[in-house]
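Below are my notes on the model, as numbered points. Please read them alongside the coordinates.

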Amino acid sequence: MRTGRAAVMVGKDRLETWEVPVPEPEAGGALVRIVLGGVCGSDVHILSGEAGEMPFPIILGHEGVGMIEKVGPGVTTDYAGVPVKAGDLVYWSPIALCHRCHSCTVLEETPCENSQFFEHAEKPNWGSYADFAWLPNGLPFFRLPDHAQPEAVASLGCALPTVLRGFDRCGRVRVGDTVVVQGAGPVGLASVLVAAQAGAREVIVIDGSPARRAVAQRLGATSAIALDTDMAERRRMIYDLCGPHGPNVVVEAAGVLQAFPEGVDLTGNHGRYIILGLWGAIGTQPISPRDMTTKNITVSGATFPKPKHYYEAMHMSVRLQDKVPLAELVSHRFGINAAGEALAAVKSGAAIKAVIDPTIR
Ligand SMILES: [Zn+2]
Ligand SMILES: [Zn+2]
């Protein structure tokens, strides 16, 4: 059988490069050659064990842009009805839907209860730190428009779908809103982009890295606050910018627990606080629950974007690729056998966005 390379996580903090079988696509599925495999902050948490025990050995990578190598029997279109053939570029949602579970059919929610995030590395596999991804039947993929830049679509990886999901579930940004974003990693940058595009009056980002703050401003942040300020100082600066009622929307995209009490405190009267980044940060934090009542605020979270959020993210990225420097967000590229270095660059914050590029040997 044909084989391809893959970065395989064999245990906590242990990555190896394997030659793994590349099976034929199944009916309804597709085999894609990876063009760019996105390196996500979640992958860092998975590698370090912070995200809990995983079914090792696994191929990391749930984000990607790939080129269709072969479609499975019966496949003539993508999951939005657009005709596809070998050679087309596609972007996908990494969770296959069964369409016959309570979440899929009754709640119309993700994730599907019968979905699997990981498969054993030697079984048919959709991990994207690899030469090929085998997309099973039910895993939604979408054809990139002809003029799309793959880097622009990959640059915000699963972060842009996550943010679109968050605003969909917890309330969209409206024209004239004042928005604070905690953290300028990919989820924070995507939040800035969506808020700015939605017509927010103020989009204020808080981050420790001058480089990431500068990128956030290029994506539409109106102000950027460094983390070497103290909480009271940050609050005063934000309330000066937003007015005495405070921000309408605060987005947690920091991924650190201490951001949570600060976010509750920052959220203005009748505002909402959307938790997106704490997926990999297990623990508790003290807050004053009375603040939620007296300020009449909503605190909510969201994860696992739906297929439509991937579709919207792809089209939003392509529409904006010539107006905002999305492709330039891809700051680091690594070959499959340098996956460990890619994850280190994300963990240290050196990378705005890192990708696996299988053509790098
Ligand atoms: Zn991701
Ligand atoms: Zn299901």
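1. Arg5 stands opposite Glu19 in strand 2. Strand 1 covers residues 3-11 and runs antiparallel to strand 2, with eight bridges joining them. Strands here are DSSP runs of E of at least two residues, and helices are runs of H or I of at least four residues, both numbered from the N terminus; two strands pair if DSSP finds at least two bridges between them.

2. On provenance: this is a predicted model, in which local features need pLDDT of at least 70 and side-chain atom pairs count only at pLDDT 80 or more, while totals for chains, interfaces and linings use all residues. Residues are numbered from 1 along each chain as its sequence is written, chains are lettered from A and ligands numbered from 1 in the order in which they are written, and side-chain values use heavy atoms, with hydrogens and water left out.

3. The hairpin of strands 1 and 2 has two residues between the strands, and Asp13 there takes a positive phi near 60°. Gly11 has Arg14, in strand 2, as its bridge partner.

4. Strand 1 also runs antiparallel to strand 4, through two bridges; Val8 is partnered by Ile59 of strand 4.

5. How enclosed is strand 1? Eight of its nine residues are buried, so the rest of the structure largely encloses it. Buried means under 20% relative accessible area, exposed over 50%, and partly exposed in between (1.4 Å probe, protein chains only).

6. Cys40 lies in the loop between strand 3 (30-39) and helix 1 (41-48), and Glu63 in strand 5 (residues 63-71), so the pair ties together parts 23 residues apart in sequence. Both Cys40 and Glu63 are buried. Donors are N, O and S atoms within 2.8 Å of the metal (3.2 Å for Na, K and Ca); water is not among the atoms, so sites may look incomplete.

7. The zinc ion (ligand 2) has Cys98 (SG), Cys101 (SG), Cys104 (SG) and Cys112 (SG) as protein donors, at 2.2 to 2.5 Å, spaced C-x2-C-x2-C-x7-C in sequence. This arrangement is tetrahedral because its angles are 99 to 121°. Cys104 is buried at 15% relative accessible area, whereas Cys98, at 26%, is partly exposed.

How values were computed. Tetrahedral: all angles 85-135°; square planar, octahedral: opposite > 155°, others 65-115°.
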